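Me: I would like to learn how to read a protein model feature by feature. Please take me through this one.

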Amino acid sequence: MLTVDLLLGTCIGYVVLLFAVAFWVDRQAGQKRAGWLYSPVIYTLSISVYCTSWTFYGAVGSAARNGLEFITIYLGPTLVFVAWWWLLRKLVRIGREHRVTSIADLISSRYGKSASLAVLVTIIAVMATTPYIALQLQSVTRSYQVVAGEADEALTAFWVAAGLALFSILFGTRNVDANERHHGVVAAIALEAVVKLVALIAVGIFVVFWVAGGVGGVFEDIPDHIFEETGAIFDARWATLTFLSAAAIICLPRQFQVTVVENVDERHLATASWLFPAYLFGMCLFVMPIALAGLKVLPEGSNPDLFVLTLPLQEGRQELALLAFLGGFSSATSMVIVAAIAVSTMVSNHIVVPLALNFMPSREAVSGDVRSLLLITRRISIAFVLGLGFIYFRLTGGSGALASIGLIAFVGVAQFLPSLIGGLFWRGATRAGALAGLGAGFLLWIYTLFLPSFEGSFLIPREAIDHGPWGIAMLRPQGLLGLDGLDPLVHALIWSLGINTLIFLFVSGLSEARPLERLQAALFVDVYRTDASGTARFAQGSATSEDMFVLAQRILGAVPARELFDTMARDQGRPGQLPIPDDAMVLRLERELSGSVGAASAHAMVGRIAGRQAVGMDELIDIADETQRLIETSRQLAEKSAELERAAALLRDANERLRTMDAQKDEFLSQVSHELRTPMTSIRSFSELLLADDQIGPEDRNRFIRIIQEESLRLTRLLDEILDISGLESGAIRLPLGPVDPEDSIRAAIDTVSPIARTSGVALRHNPGPEGVRVRANEDRLRQVLINLVSNAVKYNAAAEPTVEVTSVIRKGMLVINVVDNGGGVGREEAVSIFEKFTRGSRAAHGTGSGLGLPISRAIMRKMGGDLTLEFADDNTSFFRIHLALATEGEETVPRPKDETGTETETPAAE
């Protein structure tokens, strides 16, 4: 039987276990014997602090109310870790280089170590964390009431808040230096991550296979409203929730703490980029089955947020219910511990310490006074934040669904996003822009979402929420300036984050950054190319090493301060003495102190206690800017020089091509002249003989006339071929293309050449390809190419038993026609020039051809979208291959134009 005593005893025992783990791990880390602590798995499990009681209890409630909408809370972080891990890597690198202690510290450090900006970010973080704390109080209180019965809700919530505050103080404020990392806390959080995952999966397996009787039983008779809500996937609310969850995994103070501050090796992000999404998948795997089973099994009106706990109780599985309660308790406590550490660090570093500096003597030499102040203020801050969460819980009546409470916090922390992202990637982002944007977004978040969540019980009455202040409808918090009809969450995000971003960009564009801002902007934006430890400081003053040592003792404590100064002295070659307070030593001290009190406070304290001020910082930055401009100018000149060199290379290539073309032109004209001169010489010679000698007999006269006629025909063919190839290569001739049966063209070519083949004793063979194939070609021109190839194979085949074989096959989406003879073909040494104009192979050297047949044939094939190539077989013999594109289905033949006599002609190219 699950009793209150058993429940409380289990929780106390669980807390004692966590303390034991944290204490043991801290001792191991102090003795340098906890190498496993630096495992990427431990780091990833600590990031699972994202999964609070909202995801443990509230995700099921969201699924029962709104279908698959709960997935968005897991989808956003998954997208960040899978696709935007480079952003997280840059944050981690900056955090290590600048010893960042919180998100407020990072933003203030980026914008010139602005104290006012740090205070504003801290206030927003406190107020955004308040609803989240209330969410944890509500989940633990209500889960306790399920077991304890009708326990007083307010009293229970108070003791839960007090217990969580004590728990967080004992866990999170045992040392000052936030940058020394809380190894024990990280280990305890990793253990809690395993507990809540195991608990949720155990309940899920029980529900699916015992309560529902299997996977099929879970998805039978699904309530209609689940389908209705699921149908709204990818609407404005879906996109808003995905964006908010993605922003939360970056901007929530607790997530920044575990992801950036507690990171010991940025390479761990590579593992986290897949392991953390896998963890989220495990957490959401059984959410929908539990929700559906709860809607079917539990009485109507049961709270869906508690299905994880009430389903085992309903089935009498007390031990499983206890495990579920422990999982929810782990989810709440892990969130509260880390959030309390993060927020209390921000409050003490950016609010309490700066105020204390104004009232404490600048040279008070009491070792450890600031250290004690920091510890006290952090403990008070934890109690204060838990108190705010309790007040919020009481004022809202604890009536809202867990998911809706968490989303209020998400919109609040999303206000950090413009200043954060802009600061990381935009040098032009300024402190004024960040302050203006954050301030405007913060006020709009309060007015449009935070205050309406009290439902009229705090500051704004219910009537003002419904009808606007003083009855002005345009000022309604959830319908501002007439923007009605939107989901309240979408409405609040559009106004707060939209105005925040616009003002940030606008004011940054108008304002000028201070010198220190510009320096920090360069260090942050170019963090992979710069090193914060190498930044020089030019300062003057009368501070001594003793002054610096006293300051370090007041903040770090006597022993850590002594160790630090001994290290700096050894680095200066002064072992056993105090280091000289030069620029490097002052900068290093400021960086070390920033790990305890933040960058802005450390900067102010070092400047005040040392009596130093930067000399000529404006001039220094101007010099740096001028240097940067010179570097940029040099880079641009180098790029221009490279462009000019590339242009010169292109001109040289073009000139070389022109020279080659000019030489080819001369060679072509020479070859044309030679080819034309041969028949013209014959015609001229025999014509002169006929004219000069009247005594020539009739037989010789007829023979001379026949020679003149043959040479005239040869000259005509040569001129036609020259005009043909010129037209094809220049584009002056366009061939009408259409579907052609290639086998018909092959048979026609063989029929044409067969008389010559019979006379020469050459056997012609045709191996047809697949039936019904059509190619995209010009039928007459294809036949011309085939006749040329087959006739050449017949005429120049010197084999003892000459054969010519024509085959066609489909290969790689094209029709391939091979013309193969057994005469050996073209040699490899001739293959390079065989397609050049007026070139004849060795077998055709004594023939009557012009040497234009093959160039014309290849030009025709390329004009038809195919090609003509010379291939070599394994036995080193060659053959010609025609490549033709297949005709598309339904393609029609393009009709050829006709001349004035009605004869079909080829299409000339447009002028």
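The dialogue below goes from confidence to folds, cores, helix packing and single residues.

Me: What kind of model is this, and how are residues numbered?

Reply: This is a predicted model, where local features need pLDDT of at least 70, side-chain atom pairs count only at pLDDT 80 or more, and totals for chains, interfaces and linings use all residues. Residues are numbered from 1 along each chain as its sequence is written, and side-chain values use heavy atoms, with hydrogens and water left out.

Me: What is the average pLDDT of the protein?

Reply: pLDDT is the predictor's confidence in each residue, from 0 to 100. Where pLDDT is low, the predicted coordinates should not be read in detail. Here the protein averages 79, and 78% of the residues score at least 70. Residues 612-621 have a pLDDT below 50, and this stretch makes 21 contacts in the model beyond near neighbours in sequence; a contact means heavy atoms within 4.5 Å. Residues 907-911 also stay under 50, with 12 contacts beyond four places in sequence.

Me: How many helices and strands does the protein have?

Reply: Helices (H or I, at least four residues) and strands (E, at least two) are DSSP runs, numbered from the N terminus. The protein has 34 helices and 11 strands. Among contacts between residues at least 6 apart in sequence, 79% join residues at least 24 apart.

Me: What is the strand order in the open sheet?

Reply: Two strands pair if DSSP finds at least two bridges between them. The open sheet has 5 strands in the order S5-S7-S8-S10-S9, with mixed pairing. Its edge strands are S5 (763-767) and S9 (867-872), each of which pairs on one side only. Neighbouring strands of this sheet are turned by 20° against each other on average, direction ignored. Such angles use axes, which are lines fitted to C-alpha atoms (for helices, over the stretch in contact), and run from 0 to 180 degrees between N-to-C directions.

Me: How do S9 and S10 pair, parallel or antiparallel?

Reply: S9 and S10 (residues 878-885) pair in the antiparallel sense over 6 bridges. Leu 870 has Phe 880 as its bridge partner in S10, and Thr 869 has Arg 881. The two strands form a hairpin with 5 residues between them, and Asn 876 in the turn has a positive phi of about 75°.

Me: Which helices lie across this sheet?

Reply: Helix H31 (residues 742-760) lies across S5, S7 (803-811) and S8 (814-821), running at about 175° to S5. Helix H32 (residues 779-795) lies across S5, S7, S8, S9 and S10, at about 170° to S10.

Me: Which residues touch the most other members of the largest nonpolar core?

Reply: A nonpolar core is a set of buried Ala, Val, Leu, Ile, Met, Phe, Trp, Tyr and Cys residues joined through side-chain atoms within 4.5 Å. Buried means under 20% relative accessible area, exposed over 50%, and partly exposed in between (1.4 Å probe, protein chains only). The largest core has 167 residues, of which Ile 290, Phe 410 and Phe 416 touch the most other members. Helix H17 (residues 318-359) gives the largest share of this core, 18 residues. A second, separate core of 38 residues includes Leu 737, Val 740, Leu 870 and Phe 880. Of the 911 residues of the protein, 51% count as buried.

Me: At what angle do H5 and H13 cross?

Reply: Two packed helices are described by the angle between their axes and the distance between the axes. The axes of H5 (residues 85-97) and H13 (residues 253-261) come within 9 Å and cross at roughly 75°. That makes H5 roughly perpendicular to H13, a label for angles of 65 to 115 degrees. The contact is made by Leu 88, Leu 91, Val 92 and Gly 95 of H5 and Phe 256, Thr 259 and Val 260 of H13.

Me: Is Arg 99 buried or exposed, and what about Lys 812?

Reply: Most residues other than glycine have a negative phi. Arg 99 has a positive phi near 50°, lies in the loop between H5 and H6 (103-110), and is buried, with a relative accessible area of 13%. Lys 812 has a positive phi near 55° and is found in the loop between S7 and S8. At 84% relative accessibility, Lys 812 counts as exposed.

How values were computed
Angles under 35 degrees count as roughly parallel, over 145 as roughly antiparallel, 65 to 115 as roughly perpendicular and the rest as oblique.
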